[in-house]
Amino acid sequence: MSNGVSIHTDKRATSRDLHNTRRYMPFVAPAMVVMVLLVAVPFIAVVLLSFTNYELAMPADSFKWIGLRNYDRLLFGTNKLLYYSLGISVGMMVVATVLQMLIGFFCASLLNRDIKFRGLAIACLLVPIAMTPSIASQIWKLMLNAEFGVINYFLKKLFNFSVVWLDKDNSLPSVLLVNIWSMTPYVTLTLYAGLRSLPLEPYESAVIDGANGRQVLMYVTLPMLKPLILLTLLFRSIDMLKMFDVPYVLTQGGPGNITEFIGLHIYRTGFGVTTLVGRASAISVILIVLVGIISLGMIKLMSSEEKG
Amino acid sequence: MRAEEIRARRRLMASRGAKQTFTYVGIILMSIWAVFPLFWMIIISLKERIYTYDPSVWIFQPVFENYVSVFAEKNLGKFLINSAIVSLSTTFLALFFGTLAAYGFSRFKVKRMRGLMFFLLAVRMIPSVAIVIPIFVIARFGSMLDTRLLLIITYMIFNIPFTVWMMKGFFDEIPKELEEAAKVDGCTTLQTLYKIVLPVVQPGLIATSIFCIISSWNEFVYALFLTSIKSVTTPTIVQMFLSIQGVAWGEMSAVGTVSIMPVLLFAMIVQKNMVRGLSFGAVKG
C-alpha cells in the first residue's frame, strides 16, 4: 500500500463505500428485519414463559410469575430426568457424530477412488437424505420389529439369532443405528466433495518423497480437509442434539424414559405426559444455552484453525 | 532378476485387484444399506395385507389396495396439498427476502457483515423444538394455530438463513464487470439485479429453492406442534400410525412412498449442488 496507485484506489474505494452505505439497506434490511422478528419474539417469549407456571389448559390471564422456581425444580429437584435427558443427548451426540464422521470419511474415500457407477452410488446415498425422517423412522420401526421385522429375519437366516431391538437394553443403540443410517450420507457427500476439490500437487510431492498411504492420509489429506471436517462436525453435532423425529416415532421416549432425549423431554413435559408449558420453556432455555455453548466453542476452534 | 521383477509386478497387480474388489464390495454394501428402507417400504406398500407381517415373502402379486385406501380413507390428498402449499409459499418468500439480502451482502460493504452472517448461522443452530413452544403460545393467543400461514411464516426461520448463505456464494462467483457494464448503460441496481444478475445465477436459484422445498416438505417438529386438523402436512401423518397394536403398515408405507417421490426426484435434479446445500453453502459443490 506504499505506492501512489494503491492509495488512489483506496480513496476511490472509501468514497464508493460511503455511497454504498446508503444503498445496501433496501437489499439487506427486509430479510434481517424478518429474521430478527421471527427469532427474537419467540426467544424473548420462551425466556418469559420459563418464569411462569403456565399450563396448556390455562386461560390467557391466569398464569403466575414464579421467578426461578421452574429452574430450581429442574436443576435441584428430586426428579433427575433433566440430567438423564441431557446426559443421553450429549452422549448420543458424541457417539453418533464420531461414528458418522468415521464411516462417512471411509465411504467418501471409497467414492473418491477410480470406480465405475459412482453416480449410481451417490444417487443411492441421496435416499436417506430425501426420505421424510418421521416416515423413515416408522419404516425402521417395522424393520426392527422383533417378531416380523426384516432385520431379524436376515439375522436368523444368516447367523441364527435375533435381537429384541426396541426393548430397554437395545432401544438406545437402535436410535443410534437409525441416526447413522439417516445422517451419515450427509457426511459422506460433503467430505467426498471436499476430497474432489483438493489440489493434486501435494499428493505428487508426497509420492516423490516416498510417503506411504497412511502418511499421505495423516500429513496431506487430513490437514487440507480440516476446515471442512470441523464444519461438518459442527453441523452434525448440533443436529444430533436437536434430534426429535427419530426417537419420537421409533420409541416415543420409551420404554419408560430410556430414550427420552432432551427434545422429547421438552415435548413430554409441555404437551405429552404433563402439560407444564412453563417448565418445558425452562428446559428449552437450557437447551438453547447448551447449543450456544457447544457451537460457540466449535466456531472458536474453527476460526483459530483458520488463522493458523 | 527378470523373474523376480515379474513376480513383484504380479504381486502388485494382485494387491491392486484385491484393493479394487474391496472398494466395490464397500460401495455395494453402502448403497444397499442406504437404499434398503426405501426398497422395503415400497415392497410393503405393494403387498397384500396378509403378507405384511411375513418378511420371508419377497415375490408376490403386487396390489394397490394400500394406495387406494390412503387416499380414500386417510385423506392423504389433504396432507399432500397442505405440504405443497406450505413448501412452495415459504420457499418463494425465503427466496425473495434471502436473495435480496445475499445480493446486498455480496455486492456492498455492509456494516457488521460478519456479525450478521454469523447471526444467520446461529439461527441455523437453534433447535426448533426449543422455540416451538413460545410460537405455539403466541399463535394460540393470535388464533393462528392450525393455519397454513403459520407454518409458512415459521418455516422462514430456517429457509431465509439458508437462502442467504447459499445465494451469497453464488453471487460471489459472478464477476462484477458484468454489472458495471449494465450500470454504464443506465440501469439502476435493482434493474441490474433483476435483468442481468438473476438470469446468470439461475442454477443457484433452482438449487436453493429445491433445498428449501425439501426441508419444508420433510419438516416435522413445527408441523407436529402447530397443526392439528386443517393444515396438517405429510410428515405428521405418522401420528395416525403410532399405535402399537394394528399399525396399518401397508398404508403407512404407501404414504411414505407417495411422499418421497417428489423429493427424491428433486434431490436427483440438484445432485450437483447437493453438497453446497448440505454444508450451508460453505463448500462449492
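## Domains of chain B

Across the boundary between the domains, eight residues of domain 1 of chain B are in contact with seven residues of domain 2 of chain B. On the domain 1 side of this contact, four residues are nonpolar, two are polar and two are charged. Domain 1 of chain B covers residues 2–63, and domain 2 covers residues 67–278. Their C-alpha centres are 35 Å apart.

## Confidence

This is a predicted model, with an ipTM of 0.88 and a pTM of 0.88. In chain B the mean pLDDT is 87, and 96% of the residues of chain B reach 70 or more.

## Contact between the chains

Chain A brings 78 residues to the contact and chain B brings 77. On the chain B side, the top contributor is helix 1 (residues 2–46), which supplies twelve residues. By class, the side of chain B that touches chain A holds 58 nonpolar, 16 polar and three charged residues.

## The largest nonpolar core

The largest nonpolar core has 150 residues. Those touching the most other members are Ala31(A) and Ala130(A) from chain A, together with Ala101(B), Val132(B), Val164(B), Ile214(B) and Leu226(B) from chain B. Helix 6 (residues 148–172) of chain B gives the most to this core, at 15 residues. Both domain 1 (2–63) and domain 2 (67–278) of chain B contribute residues, so the core lies between them.

Leu226(B) is one of the core members named above. Leaving aside residues up to four places away in sequence, Leu226(B) touches Ile135(B), Phe136(B) and Ala139(B), as well as Leu145(B), Leu150(B), Leu151(B) and Thr154(B).

## Tyr186 of chain A

Tyr186(A) is part of helix 8 (residues 171–197) of chain A. This residue counts as buried because it has 23 C-beta neighbours inside 10 Å, where the cut-off for burial is 20 or more.

Tyr186(A) has contacts in both chains: with residues up to four places away in sequence set aside, Tyr186(A) touches Ile129(A) and Leu278(B). Leu126(A) is 60 residues from Tyr186(A) along the chain, and the C-alpha atoms of the two are separated by 8.6 Å.

Key
Residues are numbered from 1 along each chain as its sequence is written. Chains are lettered from A and ligands numbered from 1 in the order in which they are written. This is a predicted model: local features need pLDDT of at least 70, side-chain atom pairs count only at pLDDT 80 or more; totals for chains, interfaces and linings use all residues. Domain bounds come from an automatic or database domain assignment. Two residues are in contact if their C-beta atoms, placed from the backbone, lie within 7 Å. Ala, Val, Leu, Ile, Met, Phe, Trp, Tyr, Cys and Pro count as nonpolar, Asp, Glu, Lys and Arg as charged, and the others, Gly among them, as polar. pLDDT is the predictor's confidence in each residue, from 0 to 100. Helices (H or I, at least four residues) and strands (E, at least two) are DSSP runs, numbered from the N terminus. A nonpolar core is a set of buried Ala, Val, Leu, Ile, Met, Phe, Trp, Tyr and Cys residues joined through C-beta atoms within 7 Å. A residue is buried if 20 or more other C-beta atoms lie within 10 Å of its own, exposed if 12 or fewer, and partly exposed in between; C-beta atoms are placed from the backbone.
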